[in-house]
Amino acid sequence: MKKFILAVVAMMILSKGIVVSAQGEVPVTLPATEISVDQESGEFCFDIVTSESDAYAGMEFGVVCGPECEILSVEYDKEVSATGPTENEMTWFGFFDGEDSFTESMTITVTGTCQIGTDSELALKTVKKYTIGDAEYEEEEYLVDAKVNLVAGIPETQVEEESLPLAAVEEMGVSISWITILCILGAAGIAGVLIYISFGRKKARGEIYEK
């Protein structure tokens, strides 16, 4: 947070003017708003995706976490100078540069922990976008309130244990079906042989005659 503030102050000193504004269209999206929490480690992660836009110098994010969870680290899919996460009423983190060098979309992966066995939530409350420009420094603040539900998932070990009996039952069912079919065919074959033998004996004794 301190690095980010120092960078912003430097921008302000180098710039001729300061403009603070708020825009209607939020420059970020959350691809998923319901995230499963690993029930062994309590870990979760979700993405924030920035939109392609006119060149800007950095963004800062303010997230409110539920009492059962906290943000531990933030990673970016591009090489950037970053700060945070730090807590000051909200959990803050962001990325920046000394000039308006960001134009392409960027994926920010936020990782944290949540109490095992408990559903919780967090919310992206604020997004700040910083632009240096040629003549003035500009800060755009967006009030978002985009919630992410953190859901207690089923442990992988439990899923594996439950899936094994089902697979065994299905395999057993297939085996039983084939055994049943083979038994029916075998019984029909034996009955045919017995009928043939009986018919042959009656014919030999002259018991078969035309009516």
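Student: What stands opposite Met-90 in E8?
Tutor: Asn-88 does. Strands here are DSSP runs of E with at least two residues, and helices are runs of H or I with at least four, both numbered from the N terminus. Before we go on: this is a predicted model, where local features need pLDDT of at least 70, side-chain atom pairs count only at pLDDT 80 or more, and totals for chains, interfaces and linings use all residues. Residues are numbered from 1 along each chain as its sequence is written, and side-chain values use heavy atoms, with hydrogens and water left out.

Student: OK. How many bridges join E7 to E8?
Tutor: Six, between E7 (residues 81-88) and E8 (residues 90-96), and the two strands run antiparallel. Two strands count as paired if DSSP finds at least two bridges between them.

Student: And what sits in the turn?
Tutor: Glu-89, with a positive phi of about 70 degrees. E7 and E8 form a hairpin with one residue between them.

Student: New topic. In what order do the strands of the open sheet come?
Tutor: The order is E2-E4-E9-E6, four strands with antiparallel pairing. E2 (28-29) and E6 (69-76) each have a single partner strand and stand at the edges, so one side of each has no neighbour in the sheet.

Student: What is the bridge partner of Val-28 in E4?
Tutor: Thr-50. Two bridges join E2 to E4 (residues 43-50).

Student: Is Cys-69 buried or exposed?
Tutor: Cys-69, which is found in E6, has 8% relative accessibility and therefore counts as buried. Buried means under 20% relative accessible area, exposed over 50%, and partly exposed in between, with a 1.4 Å probe and protein chains only.

Student: How far apart are the C-alpha atoms of Cys-69 and Cys-114?
Tutor: 4.1 Å, although the two residues are 45 residues apart along the chain.

Student: Are Tyr-56 and Phe-102 buried or exposed?
Tutor: Both are buried. Tyr-130 and Tyr-137 form a stacked pair, with 6.1 Å centre to centre and 15 degrees between the planes.

Note on methods:
Rings of Phe, Tyr and Trp (its six-membered ring) pair if their centres lie within 6.5 Å; planes under 30 degrees apart count as stacked, over 60 as edge-to-face and the rest as tilted.
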